[in-house]
Amino acid sequence: MIASHVWCSSGCLRVAGAGGMRNSGLKSGRHAQSAQPRKHFIYSLNLARSAIVCCGLLGGMAAVAQENTVAAKFYRVIEGKVDARTYNGYRRYSASCSRCHGPDGVGSTFAPSLIDPLLDIEAFRRMVREGKRNGSLVMKGFANDPNLSPYIDDVYAYLQARADGALGRGRPTRLGE
Ligand code: HEC
């Protein structure tokens, strides 16, 4: 935070300098007689301007940070409707996983819930590709399954939406449907 502020203030000064020049041209008519107050006026304007630019930059950084969190979401659910990827994930899940992990990711007596807890994406990919064996419980790996291996992230998108509570049980509706 401190580092970003230092960076910000030096960045702002440069921006404010350019703005000031533009500004003096604009205001020269109104303040032509008294050079001194005009200088002051421009100076405080520059200060205000750097404050605004600074806020803008910080705001921009916050927006980027927020976008990054959003980017970690694999699904999009808008007014209860899902994007193509999430819908595909639902279909693939229902075809390949639900018979063991239960409908809608909730788990069964045979295999655990996949939405509570939701694994992180790396662990999930590995698990699904390689499979898992726990005593007599066996899940085959899906790495060589052409109906699933290209869509592991889609399945994750669906399960993530379920885990986040963004999506209820049952067949979701596609956006534009
Ligand atoms: C034949 C039944 C079966 C099928 C089909 C199956 N699984 Fe599994 N799955 C299991 C079992 C059993 C485990 C291990 C449970 C344990 O460790 O106690 C497991 C474990 C997992 C885990 C690890 C869960 C955890 O919390 O450690 C993930 C993730 C997973 N399965 C995803 C999937 C996905 C995605 C599909 C569909 C592509 C799928 N499974 C299909 C039976 C199955």
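A residue is buried if 20 or more other C-beta atoms lie within 10 Å of its own, exposed if 12 or fewer, and partly exposed in between, with C-beta atoms placed from the backbone. The model used in these exercises is predicted: local features need pLDDT of at least 70, side-chain atom pairs count only at pLDDT 80 or more, and totals for chains, interfaces and linings use all residues. Residues are numbered from 1 along each chain as its sequence is written.

**Exercise 1. Confidence and overall layout**

Task: State the mean pLDDT of the protein, and list the order of its elements from the N terminus on.

Solution. 
- Step 1. pLDDT is the predictor's confidence in each residue, from 0 to 100. The mean for the protein is 76, and 60% of its residues reach 70 or more.
- Step 2. Over residues 1-35, pLDDT stays under 50. For that stretch the model has 25 contacts beyond four places in sequence, where two residues are in contact if their C-beta atoms, placed from the backbone, lie within 7 Å.
- Step 3. Helices (H or I, at least four residues) and strands (E, at least two) are DSSP runs, numbered from the N terminus. The protein has 6 helices and 5 strands, and their order is α-α-β-β-α-α-α-β-β-α-β.
- Step 4. Of the 177 residues in the protein, 19% are buried.

**Exercise 2. Helix α6**

Task: Determine whether the span of helix α6 agrees or disagrees with its number of residues, and identify the buried residues of α6.

Solution. 
- Step 1. The expected span of a helix is 1.5 Å times one less than its number of residues. Helix α6 covers residues 152-163, so its 12 residues should span 16 Å; the end C-alpha atoms are 16 Å apart, which agrees.
- Step 2. Of the 12 residues in α6, 10 are buried. These are Ile152, Asp154, Val155, Tyr156, Ala157, Tyr158, Leu159, Gln160, Ala161 and Arg162.
- Step 3. The buried residues of α6 pack against β1 (77-78), β2 (81-82), α3 (84-96) and α5.
- Step 4. Tyrosine 158 of α6 counts as buried because 31 other C-beta atoms lie within 10 Å. Apart from neighbours within four places in sequence, tyrosine 158 is in contact with Tyr75, Thr86, Gly89, Tyr90 and Tyr93.

**Exercise 3. Helix α3**

Task: Which elements do the buried residues of α3 pack against?

Solution. 
- Step 1. The 13 residues of α3 should span 18 Å at 1.5 Å a residue, and the end C-alpha atoms are 18 Å apart, which agrees.
- Step 2. The buried residues of α3 are Thr86, Tyr87, Gly89, Tyr90, Arg92 and Tyr93.
- Step 3. These buried residues pack against β2, α4, α6 and β5.

**Exercise 4. The sheet**

Task: In what order do the 3 strands of the open sheet stand, and which strands are at the edges?

Solution. 
- Step 1. Two strands pair if DSSP finds at least two bridges between them. The order is β1-β2-β5, with mixed pairing.
- Step 2. β1 and β5 (173-174) are at the edges; each has a single partner strand, so one side of each lacks a neighbour in the sheet.
- Step 3. β2 and β5 run parallel and are joined by 2 bridges. Valine 82 has arginine 174 in β5 as its bridge partner.

**Exercise 5. The ligand shell**

Task: How many residues surround the ligand, and how are they divided by class?

Solution. 
- Step 1. A residue is near a molecule or strand if its C-beta atom, placed from the backbone, lies within 6 Å of it. The ligand is surrounded by 19 residues, and the closest are Cys97, Cys100, Asn134, Leu137 and Met139.
- Step 2. Ala, Val, Leu, Ile, Met, Phe, Trp, Tyr, Cys and Pro count as nonpolar, Asp, Glu, Lys and Arg as charged, and the others, Gly among them, as polar. The shell has 14 nonpolar, 3 polar and 2 charged residues.
- Step 3. At least two residues of the shell come from each of α4 (98-101), α5 (121-130), β3 (132-134) and β4 (137-139).
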